[in-house]
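Please walk through this protein one region at a time, with the sequence and the model side by side.

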Amino acid sequence: FHALRRGAPPYAPVAPARAAASPALHGVVKLLVRHFADERVVNPDVRDMMLQSVSVLLQYKEYVAVFEANEEARREMVPSLLRSFDSRFWIPVSNILLRLCKGVGFGQYDNKAIKVLAAIEAIKRDDTDRYRETRNVAVVANDRRGEDDHAASPDAVLAEAIATSVDSSSPLFQALIVETFKSDPKLLEKFLDRVFNTLNWTITEFGVALKEMLDMRQRAAAARNLQRKCTVMLELSVTLERVLEFLTLELPVAFLDSSASMRMKRLVEILLFVLGHTCGAGSDAKLFEQALSMKLPVFVADKISRAPVLAPIAGIILNLEVAAAAWVEGRGDEFGVNEVSDTVAHELAAGAGENNISQLQYICAFDWEEHFGAFTGREEAIAELRDVVRRVRDTREDIERRRKAEDEVDVPEDFVDPIMQSVMTDPVTLPGSGVVVDRETIRRHLLTGDGTDPFSRTPLDESMLRDATDLRKRIDEWRSGLRRNVDTALEDID
């Protein structure tokens with residue numbers, strides 16, 4: 001590992017060394033891929049060094065080509081990487097995933113913006129040929145933007161530090177990531193659960209370190225250490241955001257179909273949580289604004305800004321909206337989407353407060369060109385984001401009216417979730433205790449790792465839940481009557 005990391009690159013492998021028949025270089029790759037997830041390697045530091053060695057090599061397109069040509073890497077690396085994303089190895093694993101998937105994010109490279117935004121326009125124009133063409137655009141582009149595009153902005157340097165060169169990305173391994181998740185839904189569930197939890201932790205730690213740093217900025221040495229912690233936590237958060245952005249682009253079905261409602265809710269929750277710490281009028285965002293305005297030495301040196309944090313959020317929203325729009329137009333198969341249970345705009349409306357609306361508007365008004373240089377389709381992207389925010393605002397107002405209507409009437413006792421004390425949407429019966437709760441409530445309970453019935457403490461998993469079909473029908477009918485009353489009242493007001 002030490003030998004590998006000191007080179008830049010360690011050495012450039014010539015064609016014979018890259019060939020699959022070459023025993024030396026491919027022997028190293030086979031060793032790393034076979035054993036970084038090998039539980040027989042009892043020293044976790046050794047496994048960590050193997051993962052970091054893979055990460056170092058995958059910075060360079062020559063070595064990406066070696067991994068792509070290596071049979072062991074093609075067969076084993078992606079599943080082993082995804083299973084290794086745990087509390088011990090998540091940092092090197094997420095860095096490796098970012099290297100393989102770089103260049104597909106919002107604001108990074110022109111070809112990605114063209115692909116996404118041309119798909120939006122093609123959907124609206126009903127231009128089937130152009131639509132198919134945009135979905136087949138290769139993710140990799142060998143052309144880089146000219147230096148003049150972002151020479152004036154230090155934030156563009158950070159953006160490229162996070163995703164340095166599209167040359168080292170790998171469409172092959174990107175496809176293998178998607179196929180691995182498609183073939184193993186349980187692995188996808190575990191991976192996303194860990195990503196959500198870890199991103200929540202990194203942003204929380206960023207906020208805590210930021211507050212401590214500002215409270216003790218007179219103590220130079222301690223403040224410098226806390227500045228460094230802030231930058232590390234922010235960069236790790238951005239890496240996890242980019243991984244989520246890649247999955248929303250290439251596997252939107254993981255968030256849009258009926259079985260993914262909890263994932264969509266958790267995704268929106270974490271997006272709003274990140275926004276709350278980085279922009280808007282909240283106390284955490286104000287701390288970040290204060291730190292940026294002070295031009296702290298470590299922040300200046302590491303080019304810390306909002307741009308790399310907000311860009312993946314914009315990309316995630318756009319990716320899911322494009323896939324949902326494609327499904328509406330009857331072209332969901334182009335995105336692998338057979339049904340859309342709920343849109344990201346609706347979930348944002350359900351979870352957003354007034355401050356969150358202003359944060360989403362901030363993303364629309366953000367000067368992306370200053371931070372990332374000019375990229376094709378920027379105006380169309382911003383227009384689409386503004387349309388999403390408009391729908392979020394309108395839907396939120398409608399949801400608030402209906403919630404108010406529910407609060408003003410007597411709710412039948414058996415309609416109320418006994419844990420959350422709210423009207424249930426999808427009631428299920430727990431087999432151990434016979435208690436009826438909302439499916440979302442018990443799913444969140446099971447996500448904590450407590451595989452028991454919260455009332456009887458008997459073993460429980462999601463497959464054991466029984467649909468309370470008759471109760472759900474009664475709740476739906478009751479809600480429909482409320483909606484009709486609300487709609488009638490609004491018509492009378494008009």
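**A residue in a helix, and the helix around it**

Thr 204 lies in helix α12. Helices here are DSSP runs of H or I of at least four residues, strands are DSSP runs of E of at least two, and both are numbered from the N terminus. This is a predicted model, in which local features need pLDDT of at least 70 and side-chain atom pairs count only at pLDDT 80 or more, while totals for chains, interfaces and linings use all residues. Residues are numbered from 1 along each chain as its sequence is written, and side-chain values use heavy atoms, with hydrogens and water left out.

Thr 204 counts as partly exposed, because its relative accessibility is 29%. The cut-offs are under 20% relative accessible area for buried, over 50% for exposed, and partly exposed in between, with a 1.4 Å probe and protein chains only. Thr 204 and Met 233 are 29 residues apart in sequence, but their C-alpha atoms are 9.0 Å apart in space.

Helix α12 covers residues 185-215 and packs with helix α15 (residues 261-278) at an angle of about 15°, the axes being 10 Å apart. Axes are lines fitted to C-alpha atoms, for helices over the stretch in contact, and angles run from 0 to 180 degrees between N-to-C directions. The angle makes α12 roughly parallel to α15. Angles under 35 degrees count as roughly parallel, over 145 as roughly antiparallel, 65 to 115 as roughly perpendicular, and the rest as oblique. The crossing of α12 and α15 is left-handed, a term used if the near helix is turned anticlockwise from the far one by less than a right angle.

Which residues in α12 meet α15? On the α12 side they include Leu 188, Leu 192, Phe 196, Leu 199, Ile 203 and Thr 204, and on the α15 side they include Arg 263, Leu 267, Ile 270, Val 274 and His 277. Contact means heavy atoms within 4.5 Å. By class, the contact of α12 with α15 has 10 nonpolar, five polar and four charged residues. Ala, Val, Leu, Ile, Met, Phe, Trp, Tyr, Cys and Pro count as nonpolar, Asp, Glu, Lys and Arg as charged, and the others, Gly among them, as polar. An α-helix has 3.6 residues a turn, so residues three or four places apart point the same way.

The axes of helix α5 (residues 61-69) and helix α6 (residues 71-83) come within 5 Å and cross at roughly 85°. That makes α5 roughly perpendicular to α6. Phe 67, Glu 68 and Ala 69 of α5 make the contact with Glu 71, Ala 73, Arg 74 and Met 77 of α6. The contact of α5 with α6 has four nonpolar, no polar and three charged residues.

Helix α7 (residues 90-101) has 12 residues and reaches 16 Å from its first C-alpha to its last, close to the 16 Å expected at 1.5 Å a residue. The expected span is 1.5 Å times one less than the number of residues. Nine of the 12 residues of α7 are buried, so α7 is largely enclosed by the rest of the structure. The buried residues include Trp 90, Val 93, Ile 96, Leu 97 and Leu 100. Just after α7, Gly 103 has a positive phi of about 90°.

**Later residues, in loops and in a helix**

Glu 339 sits in the loop between α18 (307-328) and α19 (344-351). Glu 339 is partly exposed, with a relative accessible area of 34%. Its C-alpha is 8.6 Å from that of Ala 324, a residue 15 places away in sequence. Apart from neighbours within four places in sequence, Glu 339 is in contact with Leu 256, Asp 257, Ser 258 and Trp 327.

Arg 396 belongs to helix α22 (residues 378-407). Is Arg 396 buried or exposed? Arg 396 is buried, because its relative accessible area is 17%. Leaving aside neighbours within four places in sequence, the contacts of Arg 396 are Ala 349, Ala 352, Gly 353, Glu 354 and Ile 357.

Gln 421, in the loop between α22 and β1 (427-429), has a positive phi of about 55° although it is not a glycine. At 58% relative accessibility, Gln 421 counts as exposed. Arg 457 has a positive phi of about 60° and is not a glycine either. Arg 457 is in the loop between α23 (439-447) and β3 (466-467), and counts as partly exposed at 47% relative accessibility.

**The protein overall**

The protein has 24 helices and three strands. Buried residues make up 51% of its 494 residues. Among contacts between residues at least 6 apart in sequence, 73% join residues at least 24 apart.
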